[in-house]
Amino acid sequence: MRHIKPYQELFESQQGLTQEQKDWLYECTTGSWEINTQTGLVDVDGDFSCTGQGLPDFKGVRFGNIIGDFDCDNNLLTSLRGAPHVVGESFDC
């Protein structure tokens, strides 16, 4: 029995988000975020803003639905790979 992982730990490890990615999501999200178990994408119930961080990409995070605003302007993005599929309000890039 010592090799059994708690369900939450097992589930999160399968989704592949690193602690750095989780910390970044918590830092940039106004509202809450979760991994959609059907799509594997990060959904945000609120706004997400990573403005002015000098990012070349979205740190390997792939977004699904954003209920509010998605702001990624003033970065060094070379593509929109991982950008949200649906944005409920404004998409500023």
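For these notes, I call a residue buried under 20% relative accessible area, exposed over 50% and partly exposed in between, using a 1.4 Å probe and protein chains only. By that rule C50 is buried, because its relative accessibility is 1%.

Housekeeping: this is a predicted model, so I only take local features at pLDDT of at least 70 and side-chain atom pairs at pLDDT 80 or more, while totals for chains, interfaces and linings use all residues. Numbering runs from 1 along each chain as its sequence is written, and side-chain values use heavy atoms, with hydrogens and water left out.

**Cysteines**

The structure has 0 of them. C28 is in no disulfide, and its nearest cysteine sulfur belongs to C50, 5.7 Å away. C28 counts as buried too, at 5% relative accessibility. C50 is also in no disulfide; for C50 the nearest cysteine sulfur is that of C72, at 5.4 Å.

**Hairpin**

Next I checked the strands. I take helices (H or I, at least four residues) and strands (E, at least two) as DSSP runs numbered from the N terminus, and I call two strands paired if DSSP finds at least two bridges between them. How many bridges join β1 and β2? I found 7, in the antiparallel sense, with β1 at residues 29–35 and β2 at residues 42–49. One of the partners I noted is D43 in β2, which bridges to E34. The two strands make a hairpin with 6 residues between them, and G40 in the turn has a positive phi of about 80°.

**Aromatics**

Then the rings. Phe, Tyr and Trp (its six-membered ring) pair if their centres lie within 6.5 Å; planes under 30 degrees apart are stacked, over 60 edge-to-face, and the rest tilted. I get 9 aromatic pairs. In one of them, W24 and F48 have ring centres 5.2 Å apart and planes at 75°, so I log the pair as edge-to-face. W24 sits in helix α2 (residues 19–28) and F48 in strand β2, so this contact ties together parts 24 residues apart in sequence. W24 is buried at 2% relative accessibility, and F48 is buried at 0% relative accessible area.

What is the geometry of F48 and F63? Their ring centres are 4.8 Å apart with planes at 55°, so that pair is tilted. F63 is in strand β3 (residues 63–66) and F48 in β2, so the pair links parts 15 residues apart in sequence. F63 is buried, like F48.

Key. A disulfide is a pair of cysteine sulfur atoms within 2.5 Å.
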